[in-house]
Amino acid sequence: MMRGRKKIERKIEADHSSVCFKPCGVKRRELERVYLQEDEMEALRLADFEGLYQQECADKMGISRTTFSRLVESARKKVSDALLHTKALNIKQKEQ
């Protein structure tokens, strides 16, 4: 069986796994969910909240700039999907 490359360990500053957002007035069990990986959450934090350049973000996470770029693009798409389509947004902790 062929396997892809081993995923590089990413440096993540804070645990956001207990974070969940949902639209007001709708019961959580009635909502479709979007799952944001914790490395995607860290990418958003560094790029959008901290306002760092992509290369700085990639260096802080210990990954390449192109990998960081893919992470932040994926994260932004998921967040937009949740906001635009009335979905709950959960942060998923990395699997050990």
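Student: Which residues in H2 meet H3?
Tutor: Gln54, Gln55, Cys57, Ala58 and Met61 in H2 meet Arg65, Phe68, Ser69, Leu71 and Val72 in H3. Contact here means heavy atoms within 4.5 Å. Helices are DSSP runs of H or I with at least four residues, strands are runs of E with at least two, and both are numbered from the N terminus.

Student: And how many nonpolar, polar and charged residues are in that contact?
Tutor: The contact of H2 with H3 has 6 nonpolar, 3 polar and 1 charged residues. Nonpolar covers Ala, Val, Leu, Ile, Met, Phe, Trp, Tyr, Cys and Pro; charged covers Asp, Glu, Lys and Arg; the others, Gly among them, are polar.

Student: What about the angle between H2 and H3?
Tutor: H2 (residues 54-61) and H3 pack at about 100°, and their axes are 8 Å apart. The axes are lines fitted to C-alpha atoms, for helices over the stretch in contact, and angles between N-to-C directions run from 0 to 180 degrees. H2 and H3 are therefore roughly perpendicular, a label for angles of 65 to 115 degrees.

Student: Before I go on, where do these numbers come from?
Tutor: This is a predicted model, where local features need pLDDT of at least 70 and side-chain atom pairs count only at pLDDT 80 or more, while totals for chains, interfaces and linings use all residues. Residues are numbered from 1 along each chain as its sequence is written, and side-chain values use heavy atoms, leaving out hydrogens and water.

Student: OK, new topic: what order do the strands take in the sheet?
Tutor: The order is E1-E3-E2, in an open sheet of 3 strands with mixed pairing. Two strands pair if DSSP finds at least two bridges between them.

Student: Which strands stand at the edges?
Tutor: E1 (20-21) and E2 (33-37) do; each has a single partner strand, so one side of each has no neighbour in the sheet. E1 and E3 (residues 88-92) run antiparallel and are joined by 2 bridges. Cys20 stands opposite Asn90 in E3.

Student: What does H1 touch when it packs on the sheet?
Tutor: H1 touches E2 and E3, and its direction makes about 75° with that of E2. H3 (residues 65-84) also touches E2 and E3, at about 155° to E2.

Technical notes:
Angles under 35 degrees count as roughly parallel, over 145 as roughly antiparallel, 65 to 115 as roughly perpendicular and the rest as oblique.
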